[in-house]
Amino acid sequence: MSFEWQFLLLIFASNGFVIYFLYRPLKVNVSDDASNVAISKQKKQELADDVTKGLISESLYQEASDEITRTLASELSQNSSQTAAINPLKWAIALSIIIAIFSALIYAQLAPKQGSSAVTEMSPSLSLEQSVESLKAHLDDNPENGKAWAMLGLAEFNLGSTAKALVSFKKAYLLIPADIDMLLQYASVLASTQEGDFSGAPQSLIDQALEVDQNSVHALYLVGIVAANDGDLLLAGQSWKKALYLLPSDHPDKAVIEGALNTLSNFESTNDFTLTINLEISEDILALRSSQDYLMVYAKALTGSPIPIAIIKIPLKDFNGTVSLSDSDSLSAKLSESSEVLVVVRISSTGMATKQASDVEIVSGVVSLAETRVVNLQVE
Amino acid sequence: MLIEIGHFALVLSLIFAILLVVVPTIGFYQNQTNLVQLAKPLIWGQSFWVLIAFAVLMNAFLMDDFSVKYVAENSNTQLPTLFKLSAVWGAHEGSLLLWVLILSVWSVAVSVFSKRVPSEVVNQILVVLGFVSVGFLLFLLFTSNPFEVLEIIPIEGRELNPLLQDVGLAIHPPMLYMGYVGLAVPFAFVVSALIRGKLDSTWLRWTRPWALVAWAFLTIGITLGSWWAYYELGWGGWWFWDPVENASFMPWLVATALIHSLSVSEKRGAFRQWTVLLAIGGFSLSLLGTFLVRSGVLTSVHAFATDPTRGLFILIFLIVIIGGSLALYSWRSVLIQKSNKFSLVSRETGLLINNVVLVSAMFCVLLGTLYPLILDSLNLGKISVGSPYFDAVFVPIMIPAVIAMALVPFMRWKKDTFSRLWSILRLDWACMVLIVVLTPFFITDNIFVLIAFYLFAWLTTHSLFLLTQRLRSKAKVTLAFLGMIVAHLGIGVFIIGATVTTQLGVEKDLKMTIGEPQTVAGYSFTLNAVEKFQAENYKGFRGNVIAMDNGRTIELIPEKRLYQTGMPMTEAAIDPSLSRDLYVALGESLGNGNWSMRIYYKPMVRWIWLGGIMIALGALLAAVDRRYRIKVKS
C-alpha cells in the first residue's frame with residue numbers, strides 16, 4: 001500500500017471516530033448542582049466528625065455549618081443553562097474536511113523535501129556486515145564521499161577490522177580533512193592500535209580538530225585525557241574546564257567532565273601539587289658559607305601575613321640543585337589553594353625564622369601557580 | 001514507511017488537540033451539549049495518535065532504524081534492549097515526545113476517572129489540557145521533530161550517552177515528567193473554573209486528589225534523580241543545587257503549599273484566591289523549568305540568543321500560559337468567594353504559615369537559580385550560586401515549617417488556644433526537653449546533627465502521639481489521615497538522613513597500591529586487583545576491593561568503563577545498608593600498580609530516599625481516601 005493510501009486510511013479512521021461520537025454523544029453524568037449538594041452534605045458530615053475528633057469546638061460547629069450552607073446557596077444560584085441541538089451531519093462534514101485538509105497541509109509542510117528513494121529503499125534493520133557491503137557498493141559509485149569513507153571506517157572498526165578501518169579513515173582524511181567527527185574517530189581508532197595511547201599521530205589529529213574548531217567539546221575532552229596521561233595536569237584541567245564551560249548545563253556529558261575535573265583537583269590537592277624551585281648558587285657564595293649553614297626555601301603571599309605558606313629547611317650541604325614545596329610543607333593555608341606567591345630563598349647560618357644580618361636572601365617575582373609549577377632562581 | 005506513519009500520527013494528534021480546544025468551546029458558548037461532549041472522544045483520539053507516534057519511535061530504536069536522525073544520534077546496534085527503549089527519551093526530541101505522551105496519559109486519566117465530577121467541568125478541564133497539548137505539539141513538530149530522516153543512512157548509530165545507560169535513568173525521567181506534567185491538571189481545574197466563572201466546591205474538591213497524585217510522582221521523580229546522581233555520577237553526592245534540579249524542586253515546593261492550601265479552601269472555605277494562585281504558580285514553574293532546561297539559557301544567555309528558535313517558542317508559550325491565566329484570574333477574582341473568618345490561633349493560620357514559608361523557600365531557590373542568568377544577560381559578569389547560598393538561606397527558612405508541621409494537626413479549625421495545646425501536648429513537650437538535654441551526651445556534639453535530630457524527634461513524637469490519640473478516640477482513622485502521618489514522618493526521616501550523611505560522612509581520595517590496606521572511617525580497604533574486562537557495549541577496568549568491618553569481609557567491585565565514544569564512566573561499588581553506605585569509585589591508573597580511588601563512608605544516606613518514598617506514599621494514600629468516592633445522584 002502506498003504512502004498516500006495509508007495516510008488516507010488514517011484520516012478516514014480519525015473522521016470515523018469523531019463522527020461516531022457526533023451521532024452518539026456521551027451522556028452527561030451529573031450536574032454542577034448535584035455535585036455541589038453532595039459535596040456540601042459530605043462536608044457537613046466531616047464537620048460533625050471533626051467535633052468528635054476535637055478538631056473544632058462545639059461552640060464554633062454551628063458557625064462552620066452555616067458557612068457550608070451559605071457557600072452552597074451561593075453556588076446553586078449561579079446555574080443556568082439551556083441546551084441547544086446541533087445538526088450532526090453539518091458538523092461531521094466540517095470536521096472531516098478540517099481533519100483531512102489540515103493534516104495533509106501540515107504534513108506537507110513538515111515532511112522531508114528530498115527525493116527520499118535512498119532512504120525508503122534501504123532496509124532499516126540491516127546487520128552491520130550487510131551495511132558495510134551496502135556502503136562499499138555506495139562508495140564504488142561515489143568514491144569522493146568522505147563522510148561515507150569515515151562511516152565505513154567506523155563500521156569496520158566495530159567489526160574488529162582495525163587495519164581496514166585505518167585504510168578507510170585515511171581515504172576519508174584525504175577527502176574531508178576538516179571534519180571534526182572524522183578526525184576524532186580516526187584518532188580514537190589509531191589510539192586503539194597503541195593500547196589506548198594517544199601520543200603521536202592520534203594527538204596530531206586531535207590538534208587538527210582543535211584547529212578547525214577550538215571549541216569542539218569532544219576534542220577538548222580528548223586533549224585533556226592525552227594531557228592527563230602525559231602528566232600535564234595543568235593542560236588537562238584547562239581543557240576540561242573549557243569543555244565544561246561550552247557544554248549546555250543540562251548536557252549529560254557535563255557530569256562526566258565534572259567528574260574528571262573533580263578527580264583531577266582532588267588528586268592535585270592531595271598528592272601531586274608541587275612547586276619545583278631550580279636553584280643555582282654561585283661558587284662564590286658557596287665558598288663564603290659554612291657547611292653548617294641552612295638553606296631555607298619558602299613561598300609566601302604577595303600581601304598580608306608574612307608567615308610562609310609552605311617552607312622547607314635543609315642543611316646547605318644536602319642541597320642538590322632542586323627544592324620542591326608541596327601541601328605537606330604548608331604551615332597554615334594549603335599551597336595548592338594559593339593562586340599567586342613569592343618564592344624566597346635564604347641561606348642562613350642560624351636557621352632562625354627572621355632574617356639575620358649574615359643571611360643571604362633573594363626573592364622571586366610573582367609566581368602564578370595556575371600557570372607554572374617551576375621557578376628558576378639564581379643566588380649570586 | 002513506518003516512520004512516516006509515526007510522523008503523520010503526530011500531525012493528526014495536533015489536529016485533534018486543536019479540535020479539542022475549538023469544538024467544545026463553541027459548544028460552551030452556544031449551549032450545544034453534543035459539541036461539549038466531544039471533548040472526551042477528542043482527547044482519546046489525540047492520545048491514541050501520540051501513543052502511535054511514540055510506539056513507532058520506540059520501534060525505530062528497537063529495529064536500529066538509523067534512517068531516523070534521532071535514532072542514529074542516540075542509539076547503536078550494540079546497545080542493550082532496555083537502553084534502546086530508554087534511549088527514546090534520552091535526548092531533547094524524544095523527551096518532549098514523552099512529555100506530550102504523559103500529558104495525554106493525564107488527560108485520559110482525567111476523562112476516565114472523573115465520573116463523579118460534572119461533565120461540563122471535566123470537558124472544560126480537557127479543553128484547557130488540550131490547549132497545553134497544542135503548544136507542546138507545535139513545539140515538537142516545528143522545532144524538535146523526532147521523525148526527521150537522514151539522506152545518507154549511517155551504518156551504525158552513535159553512542160547513547162553512557163550516563164543514560166542505567167536503569168535508574170531509564171525510569172527517572174518518566175516519573176519526573178509524571179509529576180511535572182501532572183501539575184497541568186490542577187492548573188486546568190483552576191483555569192477552567194475561572195473561565196466558567198464557577199469557583200465552587202466541586203473544583204476545590206476534585207483538584208486535591210489530582211494535585212496529590214502529581215505531587216507524589218514529582219516526589220518520586222526527584223527522589224529517583226537524587227538516588228541516580230548518588231550512585232552513577234561517581235562522587236557520592238545526592239543533591240547539588242544544580243539549576244536543572246532546582247527546576248524540578250521549585251514546582252515541588254509550590255505544589256506542597258497547594259495541597260495544604262486546597263485542604264483549607266475546601267473544608268473551611270478560606271484561602272480560595274491563594275489556592276488559585278498556587279495552582280497557576282505550580283504549573284508555571286514547571287513550564288519555567290522546561291524553558292530553563294530546553295532553551296539553552298542555562299549554558300549562557302548568549303547561547304539562547306544564538307539559537308533562539310526553541311527557547312523563543314517556549315518563552316512565548318510561557319508568557320501566554322502565565323500571562324493568560326493571571327489575566328483570567330484578575331478578571332474573575334471578584335467571583336471567588338471571600339474567605340470565612342478564622343482567628344489568629346487556629347489550624348487555618350498554621351497552614352497559612354506553612355504556605356508562606358514554602359513559597360518563601362521557593363523564591364529563595366528561584367533567586368539563586370535566576371540571579372546568575374540575570375547578571376550574565378546584563379553583562380555584569382558570570383557568577384555561580386551553589387550550596388553555600390542555598391544551605392545558608394533555604395535551610396533556615398524551612399525550619400519553622402517543620403516545627404509547624406508537627407503542631408498544626410493538633411490545632412482546631414477556626415479558633416484555638418495555646419493553653420489547650422499545652423494541655424494535650426505537655427507530656428510530648430516534656431519528652432522533647434528530655435531529648436534536647438540528654439542527646440548531646442549520648443549521640444553527638446555536632447550542632448547540625450543535633451538540630452536535625454531534634455526536628456526528627458519533634459516530628460516523630462508528635463506524629464505518633466497524634467496517631468495514638470486518634471486510635472483511642474471513636475473517630476475513624478482515614479487513609480487521608482494515615483497519609484499525612486506517613487508523609488510527615490517521611491520529612492523527619494529525610495531531614496535526619498540528609499544532615500547526618502552531610503555532616504558525618506567521610507570522603508577520601510586515595511592513591512591505592514595493590515595489596516596495601518588503607519583505613520577510612522574505621523574500615524580497612526584493600527585493593528586486591530584491577531583487571532581489564534569487556535562487556536556488550538563497553539570495556540574497561542574492574543577493581544576488587546575488600547573492606548573489613550569488625551571482622552566481616554565486604555567485597556566491592558568498582559568499574560571504570562570506556563564506551564565507544566571514548567567517554568570514561570565511573571561505576572561505583574556500594575555496600576548499602578540503612579545505617580551506612582560504603583562507596584568506592586575507581587579512578588585513574590597512576591602506574592606501577594597504583595590507582596587513584598575515591599572512598600566514601602556515608603552514614604544514613606539511604607534515609608534520604610526512604611524519606612522521599614514515605615512522602616510519596618503518604619500523598620498516594622491521601623489521594624485514594626474514601627471521601628473522593630462520594631456518591632452523587634444524577
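Predicted model: local features only at pLDDT ≥ 70, side-chain atom pairs only at ≥ 80, totals over all residues.
Residues are numbered from 1 along each chain as its sequence is written, while chains are lettered from A and ligands numbered from 1 in the order in which they are written.

**Exercise 1. Find out which scores the model and chain B receive.**

Solution. Start with the model: its ipTM is 0.81 and its pTM is 0.74. Next, turn to pLDDT, the predictor's confidence in each residue, from 0 to 100. Chain B has an average of 89, and 97% of the residues score at least 70. Finally, look at residues 300-306 of chain B, where pLDDT stays under 50.

**Exercise 2. Work out how helices H8 and H10 of chain B pack.**

Solution. Helices are DSSP runs of H or I with at least four residues, and strands are runs of E with at least two, numbered from the N terminus. Locate H8 at residues 167-182 and H10 at residues 201-232 of chain B. Their axes are 7 Å apart and meet at an angle of about 150 degrees (axes are lines fitted to C-alpha atoms, for helices over the stretch in contact, and angles run from 0 to 180 degrees between N-to-C directions). H8(B) is therefore roughly antiparallel to H10(B), a label for angles over 145 degrees.

**Exercise 3. Describe the side of chain B that touches chain A.**

Solution. Two residues are in contact if their C-beta atoms, placed from the backbone, lie within 7 Å. First, count the residues: 84 come from chain B and 86 from chain A. Helix H1 (residues 2-29) of chain B gives the most to chain B's side, with 8 residues. Then sort that side by type, which gives 35 nonpolar, 26 polar and 23 charged residues (Ala, Val, Leu, Ile, Met, Phe, Trp, Tyr, Cys and Pro count as nonpolar, Asp, Glu, Lys and Arg as charged, and the others, Gly among them, as polar).

**Exercise 4. Decide whether B:Asn34 is buried or exposed.**

Solution. Begin by placing B:Asn34 in helix H2 (residues 33-36) of chain B. B:Asn34 counts as buried because it has 20 C-beta neighbours inside 10 Å (buried takes 20 or more other C-beta atoms within 10 Å, exposed 12 or fewer, and partly exposed lies in between, with C-beta atoms placed from the backbone). Leaving aside neighbours within four places in sequence, B:Asn34 is in contact with A:Leu22, A:Pro25 and A:Ile86.

Conventions
Parallel < 35°, antiparallel > 145°, perpendicular 65-115°, else oblique.
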